Amino acid sequence: MKALATPRGMVVAVLLIFLALLPVYAAASGNAFLLTLFTRIVILAIAATSLNLIMGYGGLVSFGHAAYLGVGGYVIGILAKEGITSGFVQWPLALVVSGLFALVVGALSLRTRGVYFIMITLAFAQMIYYVAVGLDRYGGDDGLTIYRRSQFAGLLNLSNKTVFYYVCLILLMAVIYVCWRLVNSRFGLVVQGARSNDRRMRSLGFPTFRYRLTCFVIAGVLCGLAGALLANHTDFVSPAMMHWTRSGDLIVMVVLGGMASSFGPLIGAVALLVLEETLSGVTEYWQIILGPLLLLVVLFARGGIDGLLAGGRRA
Amino acid sequence: MPDALLQIADLTKRFGGVTASDHITLDIWRGELHAIIGPNGAGKTTLIGQLTGELAPNSGHIRFDGQDITALPVYRRSQLGLARSFQITSLFLDFTALDNVALAVQAHAGHSFRFWHDARREPELREPARAALDRVGLTRRADVRVANLSHGEHRQLEIAMALATRPRMLLLDEPMAGMGPEESARMVAMLRELKQELTILLIEHDMEAVFALADRITVLVYGRVIASGTPDAIRANAEVREAYLGEQQVVAHG
């Protein structure tokens, strides 16, 4: 209960209650758009949380993280198009393929540092983007409509918007919990140690590469899950899902919310997307307002919104 | 002939036209404290880099306890029991002192593919870490973030981390660099205690400390070993005096 007494604990608690009750409010007020918006926010929060694992805790700025959104989404889309709509097949496959893709990207990119790492992750994301553009059978540039959402043998009806929202929310909570356990485990401390001082980690006797690679793959798998959800949410996949600007959005969410914090990416996703929604209603050039805002966060609140709430612990 | 724990044979390292290690041959005996001295640019840090595996020699061999380790990566050498402390403090600044040492313990407690349990609550990591902090006198600073510790405390923590890996041999790269006289004296006392149980290779500029602690001393100049022997023999060596000690009057009557 002590954690709840801090401003940060209270904001997180209020946010979670708000998210839990949102469908009730949306139904009562008849505002269906709100539910759609927040489903998207929750899904992208899963993606941002997975990015935080390698970027916040691992110190590795992946500039191609949206690629896993796309890979996860396309697995759902392609299988649906080929007539395989069972979620029990689609979802595990989406996770496995995302993980394998992350394994390849990580095995090459993790041998580099800094700018080179950013460039290689970006290059892979661009590559997979153009692969998707070239998939004529699956819509190419125009994308692919999904006519049937993943089927779970009558256990879950994902076409029901409220049910789908809660599935996403529960998965988000599960992902945040799993990441929290991970970063405090032996494995997580090795990954964080390597962020802080990779050279020292190796001289202590840690083969850091294999731990970082594992972390990279876990992040890819979790983001693949977000991709599978996103495909079901929009009933549509297209190369735009993995455009590099989408990877940039994910980075912004993590930085805005707070790197290396459990709820930071969720806070960042809510802040960014709600801001985008309201500001774009005011002006077409809403990014003119977002830009300086981000600048302020980076300059004055290194721990993001979460860091501010925690009282500048990281400042 | 005493038993050598670390054998360096004909080790050569060139950087472009500069030969930083010039056919260095040297045995470190089991149980001794062996000091390496030499003027700036003599190649001491280059030598340490090759011993720990951060630098690959152009030729020559390194054997640790009979095993050829010349081509082993850094982490494997650490796992064999070769621990080092860094000349420039190299710690995990955003962790507490205890976290730092616990990581060192963890490095030698099997693999770290353990994803679920809170590592900060594992007694088999925390207790040895506390014991290592006790040994260097940092018990009361265990929960302080490393970024908030003093320079002297950083140096002590470096030693605690090296100890926590349960090494058979310590490579200490200028452990007294930047320390005041009082802190230096404490470090000398600590090293005197450690040499009872560990083989130590010490690189140090503080001549008083070196001559007080070392069983044998090797003098390195321009990457070459110009002399190796007991402190008395080194003090009496004419070539050494000319090359190096002449400037340091303190040694002559130290």
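The bend at a residue is the angle between axes fitted to the seven residues ending there and the seven starting there. Keep that in mind for the first close-up; everything below comes from a predicted model.

**View 1. Helix α7 of chain A, bent at A:Asn197.** The bend here comes to about 125°. Helix α7 runs over residues 186-204, and its 19 residues leave the end C-alpha atoms only 14 Å apart. A straight helix would reach 27 Å at 1.5 Å a residue, so α7(A) falls short of that span. With 16 of its 19 residues buried, α7(A) is largely enclosed by the rest of the structure.

**View 2. Helices α3 and α4 of chain A, packed together.** Here α3 (residues 66-81) and α4 (residues 87-109) pack at an angle of about 140°, axes 9 Å apart. The crossing of α3(A) past α4(A) is right-handed. On the α3(A) side, the contact includes A:Tyr68, A:Val71 and A:Leu79, while α4(A) brings in residues including A:Leu93, A:Val97 and A:Phe101. By class, that contact counts eleven nonpolar residues, three polar ones and no charged ones.

**View 3. A:Met241, in the loop between β2 and α9 of chain A.** A:Met241 has 24 C-beta neighbours inside 10 Å, so it counts as buried. Beyond its neighbours within four places in sequence, A:Met241 touches A:Ala66, A:Leu69, A:Gly70, A:Gly73, A:Leu230 and A:Arg246. Take A:Gly70: 171 residues away in sequence, yet 5.4 Å from A:Met241, C-alpha to C-alpha.

Definitions and conventions
Residues are numbered from 1 along each chain as its sequence is written. Chains are lettered from A and ligands numbered from 1 in the order in which they are written. This is a predicted model: local features need pLDDT of at least 70, side-chain atom pairs count only at pLDDT 80 or more; totals for chains, interfaces and linings use all residues. Axes are lines fitted to C-alpha atoms, for helices over the stretch in contact, and angles run from 0 to 180 degrees between N-to-C directions. Helices (H or I, at least four residues) and strands (E, at least two) are DSSP runs, numbered from the N terminus. A crossing is left-handed if the near helix is turned anticlockwise from the far one by less than a right angle, and right-handed if clockwise. Two residues are in contact if their C-beta atoms, placed from the backbone, lie within 7 Å. Ala, Val, Leu, Ile, Met, Phe, Trp, Tyr, Cys and Pro count as nonpolar, Asp, Glu, Lys and Arg as charged, and the others, Gly among them, as polar. A residue is buried if 20 or more other C-beta atoms lie within 10 Å of its own, exposed if 12 or fewer, and partly exposed in between; C-beta atoms are placed from the backbone.
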